[in-house]
Every structure is written in C-alpha cells, then in structure tokens.
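The following note sets out several points on the model shown below.

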Amino acid sequence: MTQKRIYNFSAGPSMLPLPVLEKAAAELLNYNGSGMSVMEMSHRSKFFEEIIQSAESLMRKVMNIPDNYRVLFLQGGASTQFAMVPLNLLASPEGTADYIVSGSFAKKAYEEAQKFSPNIKCAASTKAENFVRVPGQDELTLSPNADYVHICFNNTIYGTKYPYIPETGQVPLVADMSSCILSEPVDVSRFGLIYAGAQKNVAPAGVTIVIIRDDLLKEPLPGTPTMLTYKTQAENDSMYNTPPCYPIYICKLVLEWIEELGGLTALAERNQKKAALLYDYLDNSQLFQPVADKASRSIMNVTFRTGNPDLDAEFAKQSAAAGLSNLKGHRSVGGMRASIYNAMPYEGVQALVDFMQKFEQEHK
Ligand SMILES: *Cc1c(COP(=O)(O)O)cnc(C)c1O
C-alpha cells in the first residue's frame, strides 16, 4: 500500500508524515491498551486527557511558547478565527483594528471583522499588484490606538510570506499562520495571538490551534456566543464541549515526529533545502516563471506558471498522471502551485523538478 502513495502537493488538506500515519494505523483499533480507538473514547477519559495534555506541552516545547500564553485546540477552522478575533479583541463595538491585506484570506479576515465595528481599517494592501508580494513595514499605516493589527503571515494562494515580523509597538499583533505554523522557528513573544487551521501543516482538518497571550483573554463584545469566547475556552482547557479528539491526537503524533527530527531548527533547514531546489530551477527555467516576488517568497507554497494557460493545464494533467498530484494553481492566480509542507519529503520536490525539466525539454 505505501509503495503506491503519491507525492501530494495539495494546499490543504495535505500530506501527513508517513511515520505518523503508520503509528495511527497501528494504534487505530486499540489505543495504548484501552481496547478502543481514540475516535471512540470519552474526551474526559484519562487516555484522552493525556493525549491533549501531551499535545499542548509538545506544542509549547517545539514552538518555545512563553508561559504567559495559552494554547487552545478549537473547531471551526481558521475562517472562524476571522470572527473570533474581532469579537474578543475589539474593546467595544466601536473598536479599531488595522488589517494588512496581502491576499485572499487576509481580505476575508478584514471583511469579516467589519461586521463587528465600523472602525476596521486597511493598513496596507498589495491587491493592485495581484498580491505578488507582502507590504513592507514602511508601507503600513498603523493607528497607535488600535485594539490589534491583523496579518496573514503566509499567503497560501499567492505563495508569499512575510520576510519580517511587522513592528506594531504596544498594539497586539495577530497572525493567521495556517500555512506556515511549525515550518520554522518563530518568536512567539512578538505576537499577541497566533492561529492556524491544522490541515496544512499540523493534523487532519477539524482542529484549529490558537496561541493567545494571557492579557488578551478578556470579556468579548456583548452577544458573543459562548463557544466563540477565548476566555471560556481557556478556562475550560479547550474542553468546554467535546473537542476534535482525533485531529488533536494526530497533532500530538506530528509534534512527536518533529521532535524526533530535531525540532523546528532542523525542520526549517529541511524546508529551506526543498524550497531552494524548486526556486533555483524556476529562476533558471526557460519555460516556467515563479509568480511571487523574490523578497516575499514562501517556502511552503510555491507558485509558478508558463504564461500559456493551455500549457499550464497540460502540465497539471501530465504531472498528475505521473503521480505528482494537485499542482493546479488556485483559480484566482492560475498557473501552478506546489505546496511543500513539512511532510513533503525532499525526494518529492526532486521528483517534481525532474518532471518539470522533462516537460520543459518536450515543450521548447
Ligand atoms: C486554508 C487557510 C485558511 C482557511 O482555513 P479553514 O480552516 O478552511 O477555515 C485561512 N487562512 C489561511 C492562511 C489558509 O491557508
């Protein structure tokens, strides 16, 4: 079975590490002598309590999360965070927040926040350039009295990532890290809140990671549903209701795998090598061009195109037939996109580059 596995370049849900899937398979029917699957057990059982506690402590260790931050395992995906952030972080229904619009998800977050206050501002946007880069610090128009600043750290669809962490002074910085969390070390203390839907780099779809600084666990706006209140979720250790047990269990296995590889420093090196292999080829290719500006390049999502939509379609078709799946770009960008998250091995990127070279030869 494992011999027939393909290289899956999907933007999400995406590949999980093979050792994690093997361990999950081995434990599927009888977890740790419990006589049942993790999918079948009470979330209040000692087995599951140990799973969620290990997931949290591993997350703290791997990401080097300071003690004054809480780690929450929520549901609803990153898209629910687009609402939860303003509901909990705006000081009032007239509160102010600055949004940096660097792509589709950043724009969705910005638009969702506008439902909760008339004072949601766009601090910078690269929409006029079709989001081929992220705005620089000198382009940001930040309000010193904002309740928070929101960024999307890695723009999954456009293949861009911030090469720097925006400086926001005393104003808490909130980051959507759905497609780059756990890809490299990050200084958590620079952020007030980090969130990520798990299905790109952490676990199957169903769990959303939220890392929030203690002082931001305050009363939400009036009328905020209980389930959307960070304070309640934190007070109940993410167990106000039934948490997404199985994705949390896989998250724990993924974190164990990261630790075994040597943590985020080792993983970042691996990821840099994979991305360099692909970008170096793209920079020298006569057929394919990279889409994102060099200074804003993501090492998780690599966008490229031939400039000829028919040829792009042919490439997507032929590559899929060769066992390299999901390379078609997002409809808003066109071309191709290779998502090369943590679980994509170097050999997978090598296989892609080999295939691209062959395709280039055949289409000179
Ligand atoms: C995938 C993605 C989302 C949407 O995530 P859901 O969990 O499907 O809501 C939001 N932001 C970014 C950066 C993403 O990559």
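1. Helix α7 (residues 263–284) has 22 residues, which should span 32 Å at 1.5 Å a residue; its end C-alpha atoms are 32 Å apart, so the two values agree. The expected span is 1.5 Å times one less than the number of residues in the helix. Helices (H or I, at least four residues) and strands (E, at least two) are DSSP runs, numbered from the N terminus.

2. This is a predicted model, in which local features need pLDDT of at least 70 and side-chain atom pairs count only at pLDDT 80 or more, while totals for chains, interfaces and linings use all residues. Residues are numbered from 1 along each chain as its sequence is written, and side-chain values use heavy atoms, with hydrogens and water left out.

3. The buried residues of α7 include G263, L264, L267, N271, K274 and Y281. Buried means under 20% relative accessible area, exposed over 50%, and partly exposed in between (1.4 Å probe, protein chains only). The packing partners of these buried α7 residues are α2, α6 (245–261), β11 (289–290), β12, β14 and α9 (346–362); contact means heavy atoms within 4.5 Å.

4. Of these partners, β12 (residues 301–305) and β14 pair with each other in the antiparallel sense, over four bridges. Pairing requires that DSSP find at least two bridges between two strands. Opposite V302 stands A338 of β14. Within β14 (residues 336–339), M336 and A338 point one way and R337 and S339 the other, yet all are buried.

5. Which residues does T160 contact, leaving aside its neighbours within four places in sequence? They are S102, F131, V132, R133, V134, F153, N154, N155, A292, S296 and S298. T160 lies in strand β7 (residues 160–161) and counts as buried because its relative accessibility is 0%.

6. L72, in strand β2 (residues 69–74), is likewise buried, with a relative accessible area of 0%. Not counting residues up to four places away in sequence, L72 touches T208, I209, V210, I212, Y230, Q233, A234 and S238. The C-alpha atoms of L72 and K127 are separated by 32 Å, the two residues being 55 apart along the chain.

7. L29 lies in the loop between α1 (18–26) and α2 (46–63) and is exposed, with a relative accessible area of 71%. Together with L28 and M39, L29 forms a nonpolar surface patch of about 330 Å² of accessible area.

Definitions and conventions
Patch = residues over 30% accessible without salt bridge, like charges linked within 9 Å, V, L, I, M, F, W, Y side chains within 5 Å. Areas by Shrake-Rupley, 256 points an atom, 1.4 Å probe, with all protein chains shown as cover. Salt bridge = Lys/Arg side-chain N within 4 Å of Asp/Glu carboxyl O.
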